[in-house]
Structure formats: structure tokens, C-alpha cells
Amino acid sequence: MSDEGRELYSVGEVAELLGLHVRTVRNYVRDGRLKAVRIGKQYRISRADFEALTSRPAPGAEDPSPTGEAPRRHVEVSSIVQIDAIGPDAANRLANLVTASAQSPRAAPAALRLQTVYDKERARMKIVILGDAATTADLLHLVDGVLGPGNGMGNDLDGHAEPVHRG
């Protein structure tokens, strides 16, 4: 069947169009990232909801550009940063820093989406970043710089800054 004029897509079709596993698309629906309606035992995704998820027109959608130019390609990067041996105070400071950076105004078309998680038992922090490639790279450089030697957030487990040694 042609994609021309299609208004509803199955989970399998959306997975194929996005190059994702069917389970991933189902999880998007369950998590609320992708709106869908349930028809019987199957989900159906509208063209508008597909476009809202991808920020691009669904296959067969009319060209939104009045000049006839090809629509700009959307690229999104997903990154997970794991930081071991970090204390709760340092993790909290780092979470505040990356959150503030992600929320700062920028020229990028879409805001970064960010989530931080701290596991106190393992003294481990994870930062999940979703956004365009350049802005995500900038945030990763910030994290790398902050966690570098002599920055005050070294590998101490209790969250206190490392003493600065001058030679």
C-alpha cells in the first residue's frame, strides 16, 4: 500500500520508518513520547503524532515549504554519560550545572532534553541527553571539562573538593 494520503500507521510501520525496534516504538507509546490510539489490540499512530515525534513530515506528506525546497533534515543524538565514584554533593552540583546549561537560551531549533540519576549505593551518576548533535556535543564538552583533574569534583566519594596541590 502506498504512503500517499495515509493518516494512520501501525507500530511496525513507524518502527520501520524510523529504523527502530518495534519494542522501542511501543515503549515510546507507553511512556507518552509518542501519542497513539488503541484499536482492538493494536496501536495506531496518526501522521500528526508521527511528525510531532520526529519533527519531520511523514512519508507522503505534502512539502511544507512554499518555495519547493527540500525540508531540513532533523538529526537527534541520544547520549548516556556514566560517572563512577562521585559523591552525592558533587553529583548534585553537576546535575544543577548541566540542567542550567541545557535550559539556557540558544540558537538551536529544539531544546535539549536532559535527565540525571544518582545511585548512592554505587556512588554512580548517569546523565541522559537528547538533542541536536552540536548542542549535545557542547554539553558533553562541558561535562568533560568539569570532571577533569583539578576542577574540585574529582573522584572523591564524599562529595568534598579535592585539595589543590601547588608545586
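Helices (DSSP runs of H or I, at least four residues) and strands (runs of E, at least two) are numbered here from the N terminus. The model is predicted, so local features need pLDDT of at least 70 and side-chain atom pairs count only at pLDDT 80 or more, while totals for chains, interfaces and linings use all residues. Residues are numbered from 1 along each chain as its sequence is written, and side-chain values use heavy atoms, with hydrogens and water left out.

**The chain as a whole**

- Five helices and six strands make up the secondary structure, and along the sequence they follow the pattern β-α-α-β-β-α-β-α-β-β-α.
- Of the 167 residues, 28% count as buried, where buried means under 20% relative accessible area, exposed means over 50%, and partly exposed is in between (1.4 Å probe, protein chains only).
- The chain exposes about 11200 Å², and carbon and sulfur atoms supply 50% of that area; accessible areas come from the Shrake-Rupley method with a 1.4 Å probe, and for residues only the protein chains shown count as cover.
- Taking contacts (heavy atoms within 4.5 Å) between residues at least 6 apart in sequence, 57% join residues at least 24 apart.

- Beyond its neighbours within four places in sequence, Ser10 is in contact with Tyr43, Arg44 and Ile45.
- Helix 1 spans residues 11-18, and its buried residues are Val11, Val14 and Ala15.
- Those residues cover an arc of only 100° around the axis, which puts them on the same side of helix 1; the arc is that of the directions from the helix axis to the C-beta atoms.
- The cover over the buried residues of helix 1 includes strand 1 (8-10), helix 2 (22-31), strand 3 (42-46) and helix 3 (47-54).
- Gly19 follows helix 1 and has a positive phi, near 70°.

**Helix 4**

- Helix 4 has 16 residues (88-103), and its end C-alpha atoms are 22 Å apart, which agrees with the 22 Å it should span at 1.5 Å a residue; the expected span is 1.5 Å times one less than the number of residues.
- Ala90, Ala91, Leu94, Ala95, Val98 and Ala102 are the buried residues of helix 4.
- Seen down the axis, the buried residues of helix 4 fall within an arc of 135°, so they line one face of the helix.
- That set packs against strand 4 (77-84), strand 5 (113-119), strand 6 (124-131) and helix 5 (133-146).

**Two alanines with positive phi**

- Most residues other than glycine have a negative phi.
- Ala85, in the loop between strand 4 and helix 4, has a positive phi near 55°.
- Ala85 is partly exposed, with a relative accessible area of 26%.
- Ala123, in the loop between strand 5 and strand 6, also has a positive phi, near 50°.
- Ala123 counts as buried, at 11% relative accessibility.

**A nonpolar surface patch**

- Leu8, Val37 and Ile39 form a nonpolar patch on the surface, with about 250 Å² of accessible area together.
- Patches are made of residues with over 30% relative accessible area and no salt bridge, joining like charges within 9 Å and nonpolar side chains (Val, Leu, Ile, Met, Phe, Trp, Tyr) within 5 Å.
- A salt bridge is a side-chain nitrogen of Lys or Arg within 4 Å of a carboxyl oxygen of Asp or Glu.
- Ile39 belongs to strand 2 (residues 37-39) and is partly exposed, with a relative accessible area of 48%.
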